[in-house]
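Colleague: I would like to learn how to read the features of a model such as this one. Please take them in turn, with the rule and then the case.

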Amino acid sequence: MKRYLLNLLIAIDQGGNAFFGGNPDETISSRVGRAALRRNTFGMIAARVIDWLFENLTGERDHCANSIEWDEA
């Protein structure tokens, strides 16, 4: 059941990315992580917000950079 819920959350995340014009097989965190690496202002701000959320909710640091799916870029 836990894996099912995780898969469902990832599907929603990928759907949100596709809704905003991104690759439907890439998560928002991956897209934001790549934008931050390119020094895109919005990407850098969004990465800080997402990274802060994940660090405070799960303890994971640098979530966006760790989430980059290079094969989906």
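Modeller: Start with exposure: a residue is buried under 20% relative accessible area, exposed over 50%, and partly exposed in between, with a 1.4 Å probe and protein chains only as cover. By that rule Phe19 and Phe20 are both exposed. This is a predicted model, in which local features need pLDDT of at least 70 and side-chain atom pairs count only at pLDDT 80 or more, while totals for chains, interfaces and linings use all residues. Residues are numbered from 1 along each chain as its sequence is written, and side-chain values use heavy atoms, with hydrogens and water left out.

Colleague: How many aromatic pairs are there?

Modeller: Rings of Phe, Tyr and Trp (its six-membered ring) pair if their centres lie within 6.5 Å; planes under 30 degrees apart are stacked, over 60 edge-to-face, and the rest tilted. The count here is 1 aromatic pair. Phe19 and Phe20 have ring centres 5.1 Å apart and planes at 90°, so the pair is edge-to-face.

Colleague: Which residues make the nonpolar surface patch?

Modeller: Patches take residues with over 30% relative accessible area and no salt bridge; like charges are joined within 9 Å, and nonpolar side chains (Val, Leu, Ile, Met, Phe, Trp, Tyr) within 5 Å. Areas come from the Shrake-Rupley method with a 1.4 Å probe, and for residues only the protein chains shown count as cover. Met1, Tyr4, Leu5, Leu8, Leu9 and Ile12 form a patch of about 690 Å². Tyr4 sits in helix α1, residues 2-19, where helices (H or I, at least four residues) and strands (E, at least two) are DSSP runs numbered from the N terminus. Tyr4 counts as exposed because its relative accessible area is 52%.

Colleague: What does the side chain of Ser67 lie close to, at 2.7 Å?

Modeller: A polar atom of that side chain is 2.7 Å from the backbone oxygen of His63. Ser67 follows α4 (63-66) and is buried, because its relative accessible area is 17%. Setting aside residues up to four places away in sequence, Ser67 touches Thr27, Ser29 and Ser30.

Colleague: How many salt bridges does the structure hold?

Modeller: Side chains of opposite charge can pair when their charged atoms come close. The rule asks for a side-chain nitrogen of Lys or Arg within 4 Å of a carboxyl oxygen of Asp or Glu. The structure holds 2. Glu26 and Arg34 meet at 2.9 Å, N to O; Glu26 is buried at 1%, and Arg34 is buried at 17%. Glu55 and Arg61 have their closest N and O atoms 3.1 Å apart; Glu55 is partly exposed at 36%, whereas Arg61 is exposed at 57%.

Colleague: How many residues of helix α2 are buried?

Modeller: In α2 (residues 28-37), 7 of 10 residues are buried, among them Val32, Gly33 and Arg34. The buried residues of α2 pack against α3 (41-58) and α4. Just after α2, Arg39 has a positive phi of about 70°.

Terms used. Polar contact = N/O pair within 3.5 Å; in protein donor to acceptor, adjacent residues only side chain to side chain. Contact = heavy atoms within 4.5 Å.
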